[in-house]
Number of protein chains: 2
Amino acid sequence: MEKIAIVGVGNTKIGEWYENSLRGLTDIAISKALESANIEPKEIESTFIGSMSSGIFNQQEHISALIGPHSGVNAPALRVESACASGSQALRVAMMAIGAGYYDSALVIGVEKMTDLIDIGDVTTALGTASDSLWELGVGATFPALFALMMRAHMHKYGSTLEEFASVAVKNHDNGSLNPDAQFRKKVTMDTVMNSRVIADPIRLFDCSPVSDGAAAVIVTKESLAKKYTDDPVYIAGTGAGTDHIALHQRPDITTMESTKRAVKTAFDMAKIKTKDVDFVEVHDCFTIAEVITLEDIGFCKKGQGGKFSLEGETALNSKISVNPSGGLKAKGHPVGATGIYQVIEVFHQLRNEAGKRQVTNNNIGVTHNIGGSGATCVVNVFSRGD
Amino acid sequence: MEKIAIVGVGNTKIGEWYENSLRGLTDIAISKALESANIEPKEIESTFIGSMSSGIFNQQEHISALIGPHSGVNAPALRVESACASGSQALRVAMMAIGAGYYDSALVIGVEKMTDLIDIGDVTTALGTASDSLWELGVGATFPALFALMMRAHMHKYGSTLEEFASVAVKNHDNGSLNPDAQFRKKVTMDTVMNSRVIADPIRLFDCSPVSDGAAAVIVTKESLAKKYTDDPVYIAGTGAGTDHIALHQRPDITTMESTKRAVKTAFDMAKIKTKDVDFVEVHDCFTIAEVITLEDIGFCKKGQGGKFSLEGETALNSKISVNPSGGLKAKGHPVGATGIYQVIEVFHQLRNEAGKRQVTNNNIGVTHNIGGSGATCVVNVFSRGD
């Protein structure tokens with residue numbers, strides 16, 4: 001099967017965009033992506049949009065029709081949703097559509113406009129719809145609470161410490177300080193993280209990613225057409241997805257994510273790589289515990305050792321494995337349904353040596369890891385340079 | 001490219017399922033579909049779910065993880081949304097996934113549980129999120145109002161009459177009376193329709209489809225594997241999708257749907273058929289005006305003559321072209337995101353001569369036509385028998 005290539009990207013800065021709309025943000029991302037690929041809107045044959053909850057956040061479903069035609073790309077469009085993994089799922093569907101021969105090119109968008117809800121309780125509830133609404137959200141188990149259960153279980157089972165988790169936040173804020181598109185560009189200290197207020201014990205404020213607005217777009221085509229648009233395309237060498245039970249109580253072990261393991265295996269097999277071949281990775285650090293578990297589940301360190309691995313500096317920029325050079329969800333921000341596309345865009349820039357001060361030096365193979373909910377969905381993609 | 005085959009189907013009766021949940025309804029549909037295809041849950045390699053607004057209706061996004069693993073089908077899953085065309089879009093994505101070689105088999109589900117919202121105003125608002133929220137819903141233009149504008153424009157431009165529109169409702173209730181799974185199994189008279197109360201002038205109550213709950217599932221595989229599961233598979237001979245501006249004021253002509261024309265052209269070209277080759281069709285009659293416009297846009301009659309064509313009985317069961325043998329959205333019911341899959345299941349049964357009293361006699365080629373919103377999205381699929 002012919003590989004899929006990314007030939008252009010565009011995004012808004014992540015932040016709180018009170019003065020712009022969901023439609024306005026996507027317009028910015030799409031126009032930048034079209035310009036980046038030097039492609040006319042009418043050349044785009046299909047559109048795939050990842051968004052988690054535009055219905056609740058913006059009282060707007062059917063955003064496939066809202067966004068595409070408004071941007072001038074009036075091609076068949078649909079929305080894909082798998083909670084916070086929606087962006088990566090949209091990219092996978094675009095790959096399927098091109099791979100099956102339905103279209104030669106696709107515009108893939110991720111968007112979430114979370115600040116249209118004024119009350120933070122409403123935002124937390126909206127996000128909570130990605131958990132098992134009946135058994136989790138409905139009894140007050142918000143996402144900080146669910147990840148707190150996972151963190152507590154990890155500490156109990158493996159002896160991991162608050163300091164280890166805090167090191168994830170410090171590292172990601174370090175990286176985010178180098179990213180002009182990040183929501184937070186301020187470094188933080190271990191003290192700041194560990195003394196921040198408790199949100200859901202043992203999770204502190206600085207263990208959490210923020211509420212964010214953002215839109216990101218990439219243009220994909222098949223390998224044989226890629227050089228028409230750019231001298232330096234980025235290829236998707238492998239893709240994998242995994243689904244698991246949505247509710248934590250239905251999983252045998254909440255200190256690991258089966259969905260990640262399944263997605264990694266499929267994606268790495270397709271790309272014919274092993275974990276040791278990965279040069280850098282954008283992982284889904286919605287909470288610090290999520291990055292720790294993911295380091296273990298992908299296999300960068302032994303099970304239970306993710307926190308220690310982080311505290312020892314092995315995941316810092318240009319160390320053993322560069323994890324979240326963009327700043328991750330923690331510092332770059334987390335516009336939920338858009339996050340997967342932002343991860344792809346970071347990898348795109350890193351592989352093309354366009355990442356400025358946060359450039360990784362070993363950059364042959366980059367990977368994205370994007371989860372939905374408390375990890376019931378996972379999508380992993382493997383990227384390589386054209387040369 | 002190898003054709004995609006449908007090898008098993010299952011669904012709930014459409015109705016008001018106050019006593020069951022979104023998860024419970026899908027369990028019924030999935031277990032019936034698995035039994036129908038004589039396939040084990042573990043043999044299913046992927047799951048695609050169409051649902052319009054489970055976030056608002058059921059405070060539950062991320063239903064891909066909610067439904068799949070709960071049913072025993074723990075395969076990579078995602079949700080597809082394009083308002084009321086979500087079900088058909090999910091089927092298209094499954095076709096892409098199999099066509100691109102990602103999977104050999106897929107479970108495709110459509111579901112909507114609309115009666116979890118108690119206040120009918122809340123339901124109308126939830127549905128309104130499929131319009132342009134800012135320019136339509138936000139100023140009070142609900143879907144009955146939007147389709148009333150289209151109906152008024154059609155009457156003005158072509159001289160169509162209330163009696164013509166009413167004939168659509170009468171015919172679909174006639175058909176629905178023969179369908180054991182329909183929400184309404186009562187015939188209605190022209191008088192009943194034309195004297196029913198005004199909802200949004202000129203739309204009367206009996207011009208509208210109802211609020212419905214329902215779940216429907218189909219199992220698809222590639223042609224070469226189909227006979228493993230059934231002696232009598234149904235093949236998808238063509239598929240097409242079209243997207244247009246979401247807001248009515250952005251379209252040059254609101255008495256036609258460009259999205260339908262685009263979807264029909266793509267699907268019919270792929271299936272190598274013309275309109276005259278179609279034996280029966282399930283069309284999206286959310287309001288009677290929608291069926292009238294669709295008859296014209298697909299080309300069963302001249303533009304502007306859809307109402308007359310209906311009133312003259314050309315669309316009745318086993319007349320010139322059997323339109324909505326199931327009873328359509330009008331009588332069978334309209335669980336929005338599930339509707340596209342219910343259409344497919346009707347065609348499946350018709351092509352296999354399993355449709356009982358509503359069986360069409362000419363049944364070589366069946367077509368489904370499924371729109372989202374006021375027609376900004378359209379999906380058309382063409383089906384044929386295995387022999």
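Which residues does A:E2 touch, not counting residues up to four places away in sequence? In this predicted model, the residues that A:E2 touches are A:K222, A:E223 and A:S224.

A:F147 provides a point of reference elsewhere in the chain. A:E2 and A:F147 are separated by 145 residues in sequence, and their C-alpha atoms lie 39 Å apart in space.

## Relation between the two chains

Two copies of a chain are related by a rotation about an axis and a shift along it. Here, chain A is superposed on chain B by a rotation of 180° with 0.0 Å of shift along the axis, and the RMSD is 0.0 Å. The two copies are therefore related as by a two-fold rotation axis. Within chain A, the C-alpha nearest this axis belongs to A:A100, at 2.0 Å from it. Both copies use the same surface, in that 100% of the contact residues of chain A recur in chain B.

## Helices α6 and α11 of chain A

Helix α6 (residues 143-158) and helix α11 (residues 288-298) of chain A have axes that come within 9 Å and cross at roughly 55°. This angle makes α6(A) oblique to α11(A). The crossing of the two helices is left-handed.

Helix α11(A) is mostly covered, with 11 of its 11 residues buried. After the helix comes A:G299, which has a positive phi near 105°.

## Helix α7 of chain B

Helix α7 of chain B comprises residues 162-176, 15 residues in total. From its first C-alpha to its last it reaches 21 Å, close to the 21 Å expected at 1.5 Å a residue. Of the 15 residues of α7(B), 12 are buried, so the helix is largely enclosed by the rest of the structure. Among the buried residues are B:F165, B:V168, B:V170, B:K171, B:N172 and B:H173. The elements of chain B that cover them include the helices α6 (143-158), α8 (190-194), α11 (288-298), α12 (306-311) and α13 (328-332), together with β10 (322-323).

The contact is formed by B:F165, B:V168, B:A169, B:K171 and B:N172 of α7(B) with B:T288, B:I289, B:E291 and B:V292 of α11(B).

B:T368 is located in strand β11 (residues 365-372) of chain B. With a relative accessible area of 0%, B:T368 is buried. Not counting residues up to four places away in sequence, B:T368 touches B:E282, B:Q343, B:V344, B:V347, B:V379, B:V380, B:N381 and B:F383.

## Backbone features in both chains

Most residues other than glycine have a negative phi, and most peptide bonds are trans. Where do the exceptions described here lie? The peptide bond from A:D201 to A:P202 is cis, with omega near 10°. A:P202 sits in the loop between β5 (198-200) and β6 (203-204) of chain A. In chain B, the bond from B:D201 to B:P202 is likewise cis, with omega near 10°, and B:P202 occupies the loop between β5 (198-200) and β6 (203-204).

A:N38 is not a glycine, yet its phi is positive, at about 50°. The residue belongs to the loop between α1 (22-37) and β2 (47-50) of chain A, and it is exposed, with a relative accessible area of 66%. B:N38 also has a positive phi, near 50°. B:N38 lies in the loop between α1 (22-37) and β2 (47-50) of chain B and counts as exposed at 64% relative accessibility.

Methods: Residues are numbered from 1 along each chain as its sequence is written. Chains are lettered from A and ligands numbered from 1 in the order in which they are written. This is a predicted model: local features need pLDDT of at least 70, side-chain atom pairs count only at pLDDT 80 or more; totals for chains, interfaces and linings use all residues. Side-chain values use heavy atoms; hydrogens and water are left out. Copies are superposed by least squares on the C-alpha atoms of residues with pLDDT of at least 70 in both. Contact means heavy atoms within 4.5 Å. Helices (H or I, at least four residues) and strands (E, at least two) are DSSP runs, numbered from the N terminus. The expected span of a helix is 1.5 Å times one less than its number of residues. Buried means under 20% relative accessible area, exposed over 50%, partly exposed in between (1.4 Å probe, protein chains only). Axes are lines fitted to C-alpha atoms, for helices over the stretch in contact, and angles run from 0 to 180 degrees between N-to-C directions. Angles under 35 degrees count as roughly parallel, over 145 as roughly antiparallel, 65 to 115 as roughly perpendicular and the rest as oblique. A crossing is left-handed if the near helix is turned anticlockwise from the far one by less than a right angle, and right-handed if clockwise.
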